[in-house]
Amino acid sequence: MTHPDPSLAIMLYGTEEPPAHERLLKAGPLSVLFDGANLRDIRMNGEEVIRAISFVVRDKDWATLIPQITGLSIEEEAGGFRIAYHAEVDSKGETFGYEVAIEGNSSGSLTYSGRGKTPTGLLTNRTGFVVLHPIEGVSGAPATITHTGGDKVETRFPVEIDPVQPMMDLREIAHRTPGGQDVVCRMEGDAFEMEDQRNWTDASYKTYVRPLALPWPYRIEAGETVEQKITLTIKGAPKATARQGGDVVLTLGESERRIPALGVGLQPEDAAAVLEHAGALRQLGVAHVICHHDPRRGHDAGTLARQVEAAHALGAEAWLEAVVEKVDDAGAVAEVGALSDIASGLGHPFATVLVSPAPDLKCTLPGSVWPPAPNATKLYAATRKAFPQARIGGGMFSFFTELNRKRPPTEAIDLITFTTAAIFHAGDDRSLMETLECLPHIVRTVPVIAKGLPYSVGPSAIGLRDNPYGEAPVANPGNIRQAVNFNDPRQRGIMGAAWNLGYFAAFAEGGAEAISLGGAVGPFGVLSVPTPFPQPWYVGKGELYPVWHVVRGLAKLRGRPILSLGSSAAGDVRGIAAVTDSGTELWLCNPSPNTQKVRLPDGFLTAVVLDASSFVEAANQPDLLDHLSPVSDQTLPLGAYAVVRALKPA
């Protein structure tokens, strides 16, 4: 049924493209990870002080162009390190080349400069430096900013996610780390500003070049020079050194939450494949299927009927996610009425109806004029009248960002909704898994928007089903890691199972009423079917992706009481625990490529692991994680991105 002997890369990541190589460079107490182009995980005395510094070039759709690096030189000695290279990017025939110089020394000083030109001219939304501050222990902390004119202002990093820019017109940001070290970040060459990147589930505050109030895209003319520099100065010693190795010890506590309903999304073009594999997919036990309807894409009564048929074939409740094309109030009301007539012909199958004006599927950046759209209150009232038996949801079919910037009138709806994607700003493995760190910040902010209403998240996946900031997500015929991917290879690997588990766990513990993952088939699916993009090793005849087992297992837990899950090393493992008739069920994942030793709470006697060693078996055995084995030791070694299900008997 499948090709023999998949490579380790295919099993973990769904692609033969190797992960980014990260080289650790040290200068006394200063350390950085160099990923071949940029700096990550900048630490002083073992404590993270800055998450990343990158020189990026983005095209007119905000996709980050992948640079070709030449002339790389790295020098390292006890007191310092130096990196230099030349980079070249190409955007549909327009090129930009730049020289990079990086230098760090043991006194806690780091400089990173970039200087570039384009021989052709370049249309871009951003070319220059991006600096990422971490969020844990920094959220809510004081900061001193220096404006480009020299004025200093005392402020704070936002606690609730800021919908726009919390800091603007920046030359310098100074803050103190949770450990007590003083960090000054100076940015030269242009005006910088900060956005709260948690809006996109990135675990960072992002300071970037060129204010968004200026026109974009903009053109760098042929021969024009772009020259910028970042300087970090770090002083002081942390109160305590960072955790170094050792087992991750887990504890369980009380919680008032229950496991929410788990659903999946559905696009009309995938309905036929879902119906073909309905016998297998029904085993998932998903609670609902979100049927997407967008008349601008040729969706009609026939495509909607096919989706409803697919939802019912899965034994799931049908939800309607309807894009309203008309932007005037009267036209929108009439359009919703016509949609109700279609639903009536199908027997009014929709338990929940979510509506969104088409203009809201695209981003309106801060300072820009909102495009014409129907009055939200009138649109929701018309939807309630047209679907009197259904629960009415509003919010955004795009990202949390757009929900935060254009908050719906909660008095007119029953449910708040939004989606996310994990690779909007960066496509590397580290950034993807860091998004799980951000989710508790989102669930802390959503209730402020919802004002007491329940909320639903999804359909959400690693990749993007739509691109609110450009024409479309990035097609990925080369099956590589990159930002803004539509079909991301990691959905098909062990890593995809780990990410989806961590995603569900965070929103379940954060009080979501329903969580919808990407889909049943296709680029966001759990089961292979023929696709126009590569699926290495899979034949496309219904083999199971590792994420199948996560969705199937978590769907069974609906309504079960959640137990809070504590860890001696926050973020080193992620998961969720629930009380079932059989006892306490624990689902964990290792969100890193490094083996983690995890000590289970007392009483867990059996477990089963989904990792590279069980990948082939998992592709063909739907109930693999039903078969637990006795554990001889409470400490389990979890390999790269491994998922474990453990049980403590009642």
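Where is Asp360 found?

A: Asp360 sits in the loop between strand E23 (350-357) and helix H6. Helices (H or I, at least four residues) and strands (E, at least two) are DSSP runs numbered from the N terminus. Before going on: this is a predicted model, where local features need pLDDT of at least 70 and side-chain atom pairs count only at pLDDT 80 or more, while totals for chains, interfaces and linings use all residues. Residues are numbered from 1 along each chain as its sequence is written, and side-chain values use heavy atoms, leaving out hydrogens and water.

Back to Asp360: with a relative accessible area of 8%, Asp360 is buried (under 20%; exposed is over 50%, partly exposed in between, with a 1.4 Å probe and protein chains only). If you skip neighbours within four places in sequence, Asp360 is in contact with Met396, Ser398 and Lys406 (heavy atoms within 4.5 Å). The side chains of Asp360 and Lys406 are joined by a polar contact of 2.9 Å. That term covers a pair of N or O atoms within 3.5 Å; within protein, one must be able to donate a hydrogen and the other to accept it, and residues adjacent in sequence count only if both atoms are side-chain atoms.

Met396 also turns up in the contacts of Glu402, together with Cys363, Pro468 and Tyr469, again leaving aside neighbours within four places in sequence. You'll find Glu402 in helix H7 (residues 400-405), and at 4% relative accessibility Glu402 is buried too. Thr364 is 38 residues from Glu402 in sequence, but their C-alpha atoms are 7.9 Å apart in space.

Now for H6 itself (residues 376-386), which pairs up with helix H5 (residues 329-345): their axes come within 9 Å and cross at roughly 25°. Axes are lines fitted to C-alpha atoms, for helices over the stretch in contact, with angles from 0 to 180 degrees between N-to-C directions. H5 and H6 are therefore roughly parallel (under 35 degrees; over 145 is roughly antiparallel, 65 to 115 roughly perpendicular and the rest oblique). On the H5 side, Asp329, Ala332, Val333, Val336 and Ser340 meet Lys378, Leu379, Ala382, Thr383 and Ala386 of H6. Those residues split into six nonpolar, two polar and two charged. Here Ala, Val, Leu, Ile, Met, Phe, Trp, Tyr, Cys and Pro count as nonpolar, Asp, Glu, Lys and Arg as charged, and the others, Gly among them, as polar.

Helix H8 (residues 429-450) packs against helix H9 (residues 494-509) at about 10°, axes 9 Å apart, so H8 is roughly parallel to H9. Among the residues making this contact are Leu432, Leu436 and Leu439 of H8 and Trp499, Tyr503 and Phe507 of H9. Sorted by type, this contact has twelve nonpolar residues, two polar and one charged.

Gly496, Ala497, Asn500, Leu501 and Phe504 of H9 meet Val547, Val550 and Leu554 of H10. That contact has six nonpolar residues, two polar and no charged. As for H10 (residues 547-555), nine of its nine residues are buried, so H10 is largely enclosed by the rest of the structure.
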